[in-house]
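Biologist: Could you take me through this structure? I would like to begin with how its elements are numbered.

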Amino acid sequence: MTDQQVSQGRNEGPTGFADWQAMKSLATRLEELNTTACFDSSLDMFGDLDWLQQLVNLVSDYVYVKDRRSRFVMANDKVAEDMGRSTSAELIGKSDLELHPPEVGQVFYEDEQSMMREGSDLVDVMDRIVLPDGTEKWFSSSKYPIRKENGDVVGIVGISRDVTERQNAEKLQRGQNEILKKLVSGLPLQDVLNSLVLMIEGQLESGMGSVMLVDDSGNHILSASGPNLPKSYLDLVDGIEVGPRVGSCGTAVFRKEAVFVEDIFDSELWAEYVDLVREFNLKSCWSVPFFSGSGKVLGTFAFYWTDVRAPSEREEKIVREAAHLASIAVERDRAEKRIRYLADHDPLTGLPNRRKFKRKLEAKIEASRQTGEPVAVVFVDMDNFKFINDSYGHAVGDDVLSTVADRILGSHNITFETIRFGGDEFVLFVDGPTAHKSELKDYLARMRAEILKTIELDTLTLHVTCSIGTAVFPLDGDTADEVLKNADQAMFEAKNLGRDNFFIFDRETAPAGVNRLKLVEELRRGIDNNELFLEYQPQIDLMSGRIVGAEALVRWTHPERGRLMPGEFIEIAEQTGAIISLGRWVLNEACRQNKAWQDAGLPHITIAVNVSANQFRDKALLSDVFSALDTSGLDARYLELEFTESLVIQNVEQAVALMEDFRRIGIHLAIDDFGTGYSSLVALKNFPLNRLKIDQSFIRDLEYKESDRAIVRAIISLGRELGLNVVAEGVETAKQQAFLLSCRCETTQGYHFGRPMAADKFSKLLGMTRTPLDVAL
Ligand SMILES: Nc1nc2c(ncn2[C@@H]2O[C@@H]3COP(=O)(O)O[C@H]4[C@@H](O)[C@H](n5cnc6c(=O)[nH]c(N)nc65)O[C@@H]4COP(=O)(O)O[C@H]3[C@H]2O)c(=O)[nH]1
């Protein structure tokens with residue numbers, strides 16, 4: 001090797017050796033050592049390199065020189081300090097085999113020997129060492145051979161940078177990523193928590209981790225994970241009550257803050273438990289609680305040691321990070337469980353929903369095919385529940401439903417299954433001996449009696465009744481659907497018997513009834529398949545005889561049953577929630593049609609659309625109305641919403657607020673079927689209404705009944721007093737018209753003026769009644 005080569009090696013090296021002469025003398029000295037195999041006891045042998053020693057002592061990395069046998073010839077103070085020596089001189093002559101555990105020292109030794117044999121460099125190699133105090137450290141090391149003038153390698157010079165912190169941070173990050181991946185892959189919570197604990201144990205070496213979860217009551221902690229803690233210890237702490245002095249975990253949960261107990265046997269928090277933990281040789285326990293997004297304590301991550309110790313900054317950070325990861329895992333698990341629960345349950349009563357019920361019923365029926373044991377399906381429908389809702393509001397309605405659900409559940413065996421089917425309807429299946437028709441009667445009577453009991457709510461005492469119907473597999477149907485249909489039909493029979501009754505289906509005597517369940521499905525499909533259409537019934541100004549409005553009335557062209565009137569499907573749509581999408585469709589179509597008439601140059605009239613109770617409660621009604629107006633381009637003043645009076649008095653404040661929103665944008669509001677409900681006139685006064693529609697039942701007998709005439713007269717004058725336009729519905733005769741005119745009723749609607757008709761027919765009628773005034777508009 002030439003001087004030039006050596007000089008190149010010197011320039012590339014990280015040693016910072018400035019002086020080539022020094023390097024040369026170092027090589028010479030190394031050669032001497034290699035041949036004599038004896039060491040001076042101090043660095044004096046490099047007396048002329050003293051300045052160099054002082055210089056490298058200032059460097060915070062390890063800097064060292066070793067001879068051909070990998071023995072330290074020179075090292076800076078940093079190496080000495082980490083090796084537990086007071087001066088670097090104490091390292092001289094020692095090899096890594098003597099300074100490190102054999103498995104670590106051997107690796108260094110062999111690597112260096114091989115690089116010296118081959119004359120190669122080792123650049124940026126990651127080394128792990130365990131210091132005499134047990135601390136693990138990671139170094140990024142670069143080592144270069146030292147050659148004498150003829151090119152022979154006589155030793156190495158090395159520099160090693162402590163990258164433990166970076167390495168740990170990367171390791172922790174990798175661990176966290178692994179845990180998050182496991183979470184996302186849907187691994188059970190227990191497995192994720194176990195992995196988390198093991199990952200943290202890998203970071204903190206000798207300790208043992210655990211996760212405790214707080215139970216539903218919030219008062220106890222449960223052992224959820226602790227793969228390396230003795231099982232008997234986990235069992236011991238499982239279910240322990242939280243409190244101000246309940247070890248590290250119970251206290252951490254109680255205080256809602258981290259508790260780091262360095263010495264269990266010297267901590268008042270552990271005073272009552274030391275005897276219990278003694279046998280497990282646990283000396284120190286650090287516990288960090290973790291929380292839900294809403295601040296509730298979910299559990300705690302704890303780390304135990306078999307020696308007394310306080311956490312270093314790094315250790316505390318890791319344990320806190322572990323608690324954070326545990327909170328993500330637990331929260332995600334709870335959210336998933338909740339979603340799964342909601343997919344299968346009714347949120348109000350907590351009962352399984354149709355989907356789950358149907359699956360279970362089908363499974364029961366399948367089992368019954370094998371065993372021959374009957375399965376009964378029972379429909380329970382509350383009588384006049386609408387009255388409770390209308391009179392006391394929905395909060396009371398919900399409480400009553402929950403109470404009835406509890407009573408139904410209380411009346412039956414654990415294997416039965418109950419669901420809330422529609423708003424006020426429950427369905428359950430009954431198996432075992434009770435499902436035999438001979439036994440069912442007693443069971444149904446018992447359930448009915450339970451439901452009948454007084455319901456005590458905060459400020460109210462109520463009684464409710466119900467109609468119950470049942471059908472049994474295999475006697476009353478071959479499939480789940482058929483048995484359900486027949487049980488439903490039996491429930492209707494119970495209603496026909498005068499309500500507050502039960503009826504057991506009998507194939508022999510059963511009338512061919514409508515399958516309501518099928519109808520709901522068909523209606524949902526019908527809305528999507530455009531099977532609905534609107535007819536329009538004219539509203540006439542009595543004085544001028546002009547058409548001033550139209551009521552939009554929905555019809556359904558059923559693919560098999562032909563044209564269906566609202567009486568045949570609106571109630572079912574109401575009960576099942578299908579009314580929301582149906583109502584939205586009607587709103588859009590009515591607005592579109594009215595705008596089309598206006599665009600065709602026909603007189604501008606108001607289109608009235610019925611709004612059902614469920615639509616009125618649906619938060620989307622306001623935006624649905626906006627959207628129908630926006631899409632069609634219809635001016636708001638040409639749209640009228642008709643509410644039934646029972647609907648608006650359910651929640652006066654909410655109704656007034658919503659109505660005011662509608663009025664603010666110019667929409668007209670009418671109260672339908674006026675006189676039939678339980679209206680409060682005072683409340684009525686507060687509603688921002690434009691119109692009252694007198695129910696047709698008062699008009700029908702006007703000619704014969706003085707009482708009806710008196711009522712109609714009173715309603716018309718009431719309307720006038722309140723500044724409302726009054727419409728009389730169901731006007732069929734000229735005599736009825738004459739009476740209404742005499743009372744100064746302004747508007748009428750009824751077969752006498754025109755039946756509900758298709759849009760094209762209505763437009764012709766509207767065109768015919770166009771007046772010069774309309775044309776000018
Ligand atoms: N006997 C007799 N009847 C007359 C006369 N003039 C009109 N009618 C009928 O009386 C009903 C008036 O509508 P409603 O009271 O709002 O009562 C409506 C309304 O409550 C509901 N409905 C209709 N369309 C819709 C809708 O789009 N949404 C909602 N939520 N309900 C609707 O269905 C009910 C019944 O609708 P329809 O069967 O179309 O029945 C209509 C109409 O055909 C008459 O002179 N004599």
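Modeller: Helices, H or I runs of at least four residues, and strands, E runs of at least two, are taken from DSSP and numbered from the N terminus. Please keep in mind that this is a predicted model.

Biologist: Fine. Which helix holds Leu582?

Modeller: Leu582 is part of helix 20.

Biologist: And is Leu582 buried or exposed?

Modeller: Leu582 is buried, because it has 24 C-beta neighbours inside 10 Å and the cut-off for a buried residue is 20 or more. Its C-alpha atom is separated by 8.8 Å from that of Leu523, a residue 59 positions away along the chain.

Biologist: What about the largest nonpolar core, how many residues does it have?

Modeller: The largest nonpolar core comprises 70 residues, and Ala552, Ile607, Val609 and Ile694 have the most contacts inside it. Helix 20, spanning residues 578-599, is the element that gives the most to this core, namely eight residues. Apart from it lies another core, of 47 residues, including Ile365 and Phe421.

Biologist: Now the ligand. Which residues are closest to it?

Modeller: The closest are Pro566, Asn610, Ser612, Gly750 and Tyr751, out of 22 residues that surround the ligand. Strand 20 (547-558), helix 20 and strand 24 (668-674) are the elements that each give two or more residues to that shell.

Biologist: How does the shell divide into nonpolar, polar and charged?

Modeller: The shell around the ligand holds nine nonpolar, nine polar and four charged residues.

Biologist: Changing topic: at what angle do helix 15 and helix 16 pack?

Modeller: Helix 15 (residues 394-410) and helix 16 (residues 437-452) pack at about 150 degrees, and their axes are 9 Å apart. Helix 15 is therefore roughly antiparallel to helix 16, the cut-off being over 145 degrees. Their crossing is right-handed.

Biologist: Backbone next. Where is the cis peptide bond?

Modeller: The cis peptide bond joins Phe473 and Pro474, with omega about 5 degrees. Pro474 sits in the loop between strand 17 (466-473) and helix 17 (480-496).

Biologist: And what is phi of Asp124?

Modeller: Phi of Asp124 is near 50 degrees, a positive value in a residue other than glycine. Asp124 belongs to strand 3, residues 122-130, and counts as exposed because it has 9 C-beta neighbours inside 10 Å.

Biologist: Where does Arg744 lie?

Modeller: Arg744 lies in the loop between helix 28 (734-742) and strand 27 (747-748). Its phi is also positive, near 65 degrees. With 13 other C-beta atoms within 10 Å, Arg744 is partly exposed.

Technical notes:
Residues are numbered from 1 along each chain as its sequence is written. This is a predicted model: local features need pLDDT of at least 70, side-chain atom pairs count only at pLDDT 80 or more; totals for chains, interfaces and linings use all residues. A nonpolar core is a set of buried Ala, Val, Leu, Ile, Met, Phe, Trp, Tyr and Cys residues joined through C-beta atoms within 7 Å. A residue is buried if 20 or more other C-beta atoms lie within 10 Å of its own, exposed if 12 or fewer, and partly exposed in between; C-beta atoms are placed from the backbone. A residue is near a molecule or strand if its C-beta atom, placed from the backbone, lies within 6 Å of it. Ala, Val, Leu, Ile, Met, Phe, Trp, Tyr, Cys and Pro count as nonpolar, Asp, Glu, Lys and Arg as charged, and the others, Gly among them, as polar. Axes are lines fitted to C-alpha atoms, for helices over the stretch in contact, and angles run from 0 to 180 degrees between N-to-C directions. Angles under 35 degrees count as roughly parallel, over 145 as roughly antiparallel, 65 to 115 as roughly perpendicular and the rest as oblique. A crossing is left-handed if the near helix is turned anticlockwise from the far one by less than a right angle, and right-handed if clockwise.
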